[in-house]
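Please keep the model open while reading.

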Amino acid sequence: MTTHSLPARTDTPAGTPAEKPGRGGGRRLMRPRAGRQHHAGPLAYVLLAVMAVLSIFPLYWTMVAASTDNTRVSQTPPPFLPGPNLFSNLARAWDEAAMGKAMINSLIVAGVIALSTVMFATLAGFAFAKLRFKGRNALLMLVIGTMLVPPQLGVVPLFMMMSELGWSQQLPAVIFPTLVSAVGVFFMRQYLSEALPDELVEAGRVDGAHSLRIFWSIVLPVARPAMAVLFMITFVHAWNDFFWPFVVLDMTNPTVPVALTQLSAGYIRDQSLIMAGALLGTLPLLLMFIVFGRQIVSGIMAGAVKG
């Protein structure tokens, strides 16, 4: 009677380290690495708490200074608890600086600049990253070289150009010179060079798609995380920009930073009123980050996984 030996059982319970033959016929354990979770120690939580407090403190101090009067803010030591004058100071700053019109202007300027920068920078970044054309590297170096030129050098000719176009003291004078930025082009070029595989572009070519079709159907879905980050950075920068709007606009049609200068006019500056205006100018940015912050962070993480 023939007997058949059963094969040795090789399965191991879940979570048990598997064995692998080692040198000399011995066996060594293989530790599973996938799904391993790393836990931060107490020092990491302490450092995170300290950094959170340091990041929030300027905003908290702005609120404290805006809720007191000018005499109390100038005392030593300064107050560290909010006072009773917050809403009255906010109302005064709103009226004296014409913050309603300034916020609408800043929203238009920052929104248009951010949208145009994202679109044009993504188009240029795709061209520099994946298209082959004569003089591509030289043109890219020229774009990067413009980042080295201080913007103050072009203020006089730019102001003369806006005056010739009849845009002086108008919002187009602030919008059109900053419709796209070299930083945005370089940022999108670096991102698409890593995140967009050449095979996807070639597959689109094989299917008969032209460059704009490839950009719309293939590049935009891949570039969405970087576009969200670039939009947020550009919007904040355009909202806080002071120098060029101060040169080309006046107090009858200001943006938020230009309107805030009205609060510091006079021989005696009311620091609490200035802080109230600064708090009003910061609230829209905080609101936007609260609403869209989760989508932006998730987009960054999705882009990191794809890369």
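Leaving aside its neighbours within four places in sequence, Thr 234 is in contact with Ile 113, Ala 114 and Thr 117, where contact means heavy atoms within 4.5 Å. Thr 234 is found in helix H10; helices (H or I, at least four residues) and strands (E, at least two) are DSSP runs, numbered from the N terminus. With a relative accessible area of 11%, Thr 234 is buried. Buried means under 20% relative accessible area, exposed over 50%, and partly exposed in between (1.4 Å probe, protein chains only).

This is a predicted model, in which local features need pLDDT of at least 70 and side-chain atom pairs count only at pLDDT 80 or more, while totals for chains, interfaces and linings use all residues. Residues are numbered from 1 along each chain as its sequence is written, and side-chain values use heavy atoms, with hydrogens and water left out.

The overall composition can now be stated. The chain has 13 helices and two strands, and 31% of its 307 residues count as buried. Among contacts between residues at least 6 apart in sequence, 69% join residues at least 24 apart.

A nonpolar core is here a set of buried Ala, Val, Leu, Ile, Met, Phe, Trp, Tyr and Cys residues joined through side-chain atoms within 4.5 Å. The largest such core has 34 residues, of which Met 99 and Phe 235 touch the most other members. Helix H3 (86–96), H4, helix H6 (155–164), helix H7 (172–175), H10, H11, H12 and helix H13 (271–306) each supply at least two residues of this core. H4 gives the most, with seven residues. Not counting residues up to four places away in sequence, Met 99 touches Ala 93, Trp 94, Val 256, Ala 259, Leu 260, Gly 277, Leu 280 and Gly 281. A second, separate core of 23 residues includes Val 118, Met 188, Leu 192 and Val 222.

Aromatic rings form a further set of links. Rings of Phe, Tyr and Trp (its six-membered ring) pair if their centres lie within 6.5 Å; planes under 30 degrees apart count as stacked, over 60 as edge-to-face and the rest as tilted. By this rule the count comes to six aromatic pairs. One of them joins Phe 126 and Phe 215 in a tilted arrangement, at 6.2 Å centre to centre with 45 degrees between the planes. Because Phe 126 lies in helix H4 (residues 99–130) and Phe 215 in helix H10 (residues 211–240), the pair ties together parts that are 89 residues apart in sequence. Both Phe 126 and Phe 215 are buried. Phe 231, Phe 235 and Trp 239 form one aromatic cluster.

Asn 253 lies in the loop between helix H11 (243–248) and helix H12 (256–260), and Asn 253 is buried, with a relative accessible area of 15%. A polar contact is a pair of N or O atoms within 3.5 Å; within protein, one must be able to donate a hydrogen and the other to accept it, and residues adjacent in sequence count only if both atoms are side-chain atoms. Such a contact, of 2.9 Å, joins the side chains of Asn 253 and Asn 105. The side chain of Asn 253 also reaches the backbone oxygen of Gln 169 at 3.5 Å. Apart from neighbours within four places in sequence, the residues in contact with Asn 253 are Lys 101, Asn 105, Gln 169, Gln 170 and Leu 171.

Leu 171 is also in contact with Ile 108, as is Ile 175, when neighbours within four places in sequence are left aside. Ile 108 has its place in helix H4 and counts as partly exposed, at 39% relative accessibility. Ile 108 and Thr 255 are 147 residues apart in sequence and 9.5 Å apart in space, C-alpha to C-alpha.

Gln 271, found in helix H13, is partly exposed, with a relative accessible area of 32%. Gln 271 and Ser 74 are 197 residues apart in sequence, yet 8.3 Å apart in space, C-alpha to C-alpha.
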